[in-house]
Amino acid sequence: MRLNRERLVDAALALVDDDGSEALSMRTLAARVDRQVSSLYNHVSGRTELIELMRARIVADIDVAAFASVGTSARAIPWERALEFWARSYLRAFAAHPNLIRLLATTEIRDLSTYEMYDAVIAGLRRGGWPESRTVAVMRTVEAHVLGSALDIIAPSDLIAQDSADVRFSEIRTALDPRFVETSSATAAFELGLNALIDGLRLQLEAGIS
């Protein structure tokens, strides 16, 4: 099969999904696609560019369209709703590739599409009434919740289980009753946390945060 940039990114994502971000190198990727290392440089300049291409691939799956409708017309939606849409879309994108989280979170962002996404978020928050000085903090707060939740969602379902808790710990054993599985799941925790975050942000904005 003829190798191109898109297929190389596909292979890099599969490598990280299977073996973790620490396994990603030009050498391991070359082995994955059954090519010489030197041939990869016909498509990317190196590992740094490859990481940014992977970042762009993930960002392409994150929907920021709702922010364009914040405070602009009779059909405008509140900034809170736009944040909810964005957060859920963001979660789906990274829950599909959780091994990328550490890699992308610790690598300087150079990808233009990521900055385009952030620009849309900030613009929506500004139209929603947020002061310029606080928009990045709002965005990063929601991002932190999303990325932590993405790791929680892919964790083993029995990571914290009633049967594993010693009988001495009656409160946690009761709270982990199988009857409560839906309301104590990682997805339920994400939604609870997202609602709490947005409610708290709304209260701060209404209180006249500067």
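Me: Let us begin with accessibility: as what does arginine 32 count?

Reply: Arginine 32, at 36% relative accessibility, falls into the partly exposed class. Before going further, note that this is a predicted model, in which local features need pLDDT of at least 70 and side-chain atom pairs count only at pLDDT 80 or more, whereas totals for chains, interfaces and linings use all residues. Residues are numbered from 1 along each chain as its sequence is written, and side-chain values use heavy atoms, with hydrogens and water left out.

Me: With which side chain does arginine 32 meet in a salt bridge?

Reply: The general idea is that side chains of opposite charge can pair when their charged atoms come close. The term salt bridge is used here for a side-chain nitrogen of Lys or Arg within 4 Å of a carboxyl oxygen of Asp or Glu. The partner of arginine 32 is aspartate 18, with 2.6 Å from N to O. Arginine 32 belongs to helix α2 (residues 26–33) and aspartate 18 to helix α1 (residues 5–19), so this pair ties together parts that are 14 residues apart in sequence. Aspartate 18, for its part, is exposed, at a relative accessible area of 51%.

Me: How many salt bridges does the structure hold, and which parts does the one between glutamate 80 and arginine 202 tie together?

Reply: There are 13 salt bridges in the structure. In the one between glutamate 80 and arginine 202, the closest N and O atoms are 2.9 Å apart. Because glutamate 80 lies in helix α5 (residues 79–95) and arginine 202 in helix α10 (residues 186–206), the parts that are tied together are 122 residues apart in sequence. Glutamate 80 counts as buried, with 13% relative accessibility, while arginine 202 is partly exposed at 27%.
A further case is the pair of aspartate 177 and arginine 179, whose side chains meet in a salt bridge at 3.1 Å, N to O; arginine 179 is exposed, with a relative accessible area of 67%. Salt bridges can also share partners, and in this way Arg81, Glu84, Arg88 and Glu191 are joined into one network.

Me: What does the domain assignment of the chain give, and how far apart do the C-alpha centres of the domains lie?

Reply: Domain bounds are taken from an automatic or database domain assignment. Here they give domain 1 as residues 1–44 and domain 2 as residues 62–206, and the C-alpha centres of the two lie 30 Å apart. Their contact, a term that requires heavy atoms within 4.5 Å, takes seven residues from domain 1 and six residues from domain 2.
The count of salt bridges between domain 1 and domain 2 is one. Arginine 102 forms a salt bridge with glutamate 22, and there the closest N and O atoms are 4.0 Å apart. As for classes, the side of domain 1 that touches domain 2 has three nonpolar, two polar and two charged residues, where Ala, Val, Leu, Ile, Met, Phe, Trp, Tyr, Cys and Pro are counted as nonpolar, Asp, Glu, Lys and Arg as charged, and the others, Gly among them, as polar.

Me: How many helices and strands does the chain have?

Reply: Helices (H or I, at least four residues) and strands (E, at least two) are read as DSSP runs and numbered from the N terminus. By that reading the chain has ten helices and zero strands. Of its 210 residues, 40% count as buried.

Me: In which helix is serine 149 found, and is serine 149 buried or exposed?

Reply: Serine 149 is found in helix α8 (residues 135–154), and with a relative accessible area of 8% serine 149 is buried. Once neighbours within four places in sequence are left aside, serine 149 is in contact with Leu91 and Phe190. A polar atom of the serine 149 side chain lies 2.8 Å from the backbone oxygen of histidine 145.

Me: What is the phi of aspartate 34, and where is the place of this residue?

Reply: Aspartate 34 has a positive phi of about 60 degrees, although it is not a glycine. The residue sits in the loop between α2 and α3 (37–40), and at 68% relative accessibility aspartate 34 counts as exposed.

Definitions and conventions:
Buried means under 20% relative accessible area, exposed over 50%, partly exposed in between (1.4 Å probe, protein chains only). A polar contact is a pair of N or O atoms within 3.5 Å; within protein, one must be able to donate a hydrogen and the other to accept it, and residues adjacent in sequence count only if both atoms are side-chain atoms.
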